[in-house]
Amino acid sequence: MKISNTAPLHLSNQEVLSHFLSLKEDNDQLAESINHKKARDKAFARAKYPLEKDDSADQDPSLLEPIAGEQEKVLNVAERRGLSDELVWVQNEVIKYLCQSYNPTSRQTADGVARLADELQDHDLTKAEVLQIANLAPTEVVELYAIIEEPDMRFLPDAAEKLQEIATQIQSTLLPSPPDNLSQWTGRSAPAEGQAEVYEHGYVDQNEEEMHAMGIDEQEYIFEGGRDGEGGVDDEKDESMD
C-alpha cells in the first residue's frame, strides 16, 4: 500500500454542481437505455407469445426492428448496471440545494470562479478564505467581514475600501440570472409534464385541525401531578398536617 502525503484538493461549489449535472446527464442516458431495453424485451415477448387481451394498436412496431450490434451492446450493459434510486435522489438533492435562491452557485461559471480565485491572490488571503468567498460569493462588505479574519488589521489604512474592491470583483463574476438549463432546479418555471415533484425538506403549513389530529398543540402543558397521579415533591397533603 502506498501512502500519499499530498494534501487533498478542495472543490468549489460550482465544481461540485458541474460534476453532479454531468452525473445526472449520464444517469438520464442510462435510465433511457434501461427503459428501452425493457420495452424491446416486452415487445418481443408479446410478439412470440401473444395474448387475447393485447391490443395491436398499443404496440410499437419499431421496437421489433433490428438494431446495430453496438447499440444492442449498450442496452445490455445498461441492463446489467442498473440504476440506483438512492443515487438519483442524492444527485437531485445536491443539485437542488446548490441551485436555491440563497445560494449563488447557479449564477457562477467555471471561468468566473477561476478568474475570481486568481484575482483574490492579490489580497493576501488564505486558501480557506478564497474558497469560502468563491462558494458564498458575497457582494456586500458586511458579509466579507464575516469571512475574512481581522480585515481592519490586515487591510490598512482603509479596510472598507479594500473590501469594497473585493466585493466588486465578486459581483463581476456572477451572471445576472441562472442559465436556462437550471430553470427546473431554481424554481423559475413549472416542472415539465410527467416529471415527478421533488420532495422539499422543511416545515409544512398545517391548519389547527390537522395539527390537533396529529396530537400537536400550539402550547405544551405540564402536568403538575407526578407519576400515576402522585403529587409533586413540594406538595403537602391535608392529612400530613394532623
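Q: Where does D124 lie in this structure?
A: In this predicted model, where local features need pLDDT of at least 70, side-chain atom pairs count only at pLDDT 80 or more, and totals for chains, interfaces and linings use all residues, D124 lies in the loop between α4 (110-119) and α5 (127-136); helices here are DSSP runs of H or I of at least four residues, numbered from the N terminus. Residues are numbered from 1 along each chain as its sequence is written, and side-chain values use heavy atoms, with hydrogens and water left out.

Q: Why is D124 called exposed?
A: Exposed means over 50% relative accessible area, with a 1.4 Å probe and protein chains only; D124 has a relative accessible area of 66%, and is therefore exposed. D124 also has a positive phi of about 55°, although it is not a glycine.

Q: What makes E150 count as exposed?
A: E150 has a relative accessibility of 52%, and therefore counts as exposed. E150, in the loop between α6 (141-145) and α7, has a positive phi of about 50° although it is not a glycine.

Q: Why are α1 and α2 called roughly perpendicular to each other?
A: Helix α1 (residues 13-48) and helix α2 (residues 69-81) pack at an angle of about 105°, with their axes 8 Å apart. Angles of 65 to 115 degrees count as roughly perpendicular, and therefore α1 and α2 are described in that way.

Q: What is the peptide bond from L156 to P157?
A: That bond is cis, with omega near 5°, and P157 lies in the loop between α7 (151-154) and α8 (159-172).

Key
Axes are lines fitted to C-alpha atoms, for helices over the stretch in contact, and angles run from 0 to 180 degrees between N-to-C directions. Helices (H or I, at least four residues) and strands (E, at least two) are DSSP runs, numbered from the N terminus. Angles under 35 degrees count as roughly parallel, over 145 as roughly antiparallel, 65 to 115 as roughly perpendicular and the rest as oblique. Buried means under 20% relative accessible area, exposed over 50%, partly exposed in between (1.4 Å probe, protein chains only).
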